[in-house]
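Me: I have a model to go through with you. I will ask what each label rests on.

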Amino acid sequence: MPLSEHEQRLFEQIERSLAEDPKFASAVRATDPRFHAKRRMIAAGILLLAGMALLVYGVAIRIPLLGVGGFLVMLCALAFGVQAYRRGQTTDLHAVGGTASRRTRQRRGGLVDRLEERWRRRPEGDL
């Protein structure tokens with residue numbers, strides 16, 4: 001359902017006032033999981049490049065242990081980056097400056113969740 005013109009004007013006014021408040025903007029940015037995930041993915045990329053350099057250097061000077069270490073650094077950086085990417089994609093709600101009063105994590109839709117949903121939607125007279 002689209003917003004009326006009055007509601008749109010109010011929404012834009014609220015948005016402008018929130019954008020002008022630097023304390024609020026920094027609090028929201030500090031709790032945004034995408035912000036932290038982006039920093040972690042950049043760090044993982046740097047570690048991945050360092051691991052590649054270590055691997056190539058170990059092969060070039062013929063020290064296999066150094067090459068294996070570089071490969072392990074690359075593998076750990078890749079795992080760290082994938083984990084950061086997945087955390088950045090979650091749709092969890094976070095309360096700014098407080099705690100959430102209800103469960104905010106979305107369910108993934110597993111077998112048990114589907115069965116519980118069917119049980120809740122069952123006709124009440126069929127027992």
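Predicted model: local features only at pLDDT ≥ 70, side-chain atom pairs only at ≥ 80, totals over all residues.

Me: What makes R122 count as lying over the face of W119?
Reply: R122 is 3.8 Å from the ring centre of W119. A charge sits over a ring if NZ of Lys or CZ of Arg is within 6 Å of the ring centre and within 35 degrees of the ring normal. Residues are numbered from 1 along the chain, and side-chain values use heavy atoms.

Me: Why is helix 3 called roughly antiparallel to helix 4?
Reply: Helix 3 (residues 33–60) packs on helix 4 at about 165°, axes 7 Å apart. Angles over 145 degrees count as roughly antiparallel, so helix 3 gets that label against helix 4.

Me: Where is confidence lowest, and where highest?
Reply: Helix 2 (residues 22–31) is lowest, at a mean of 71. Helix 4 (residues 64–89) is highest, at 94. The chain mean is 81.

Methods: pLDDT = per-residue confidence, 0-100. Helix = DSSP H or I, 4+ residues; strand = E, 2+ residues; numbered from the N terminus. Axes fitted to C-alpha atoms, helices over the stretch in contact; angles between N-to-C directions. Parallel < 35°, antiparallel > 145°, perpendicular 65-115°, else oblique.
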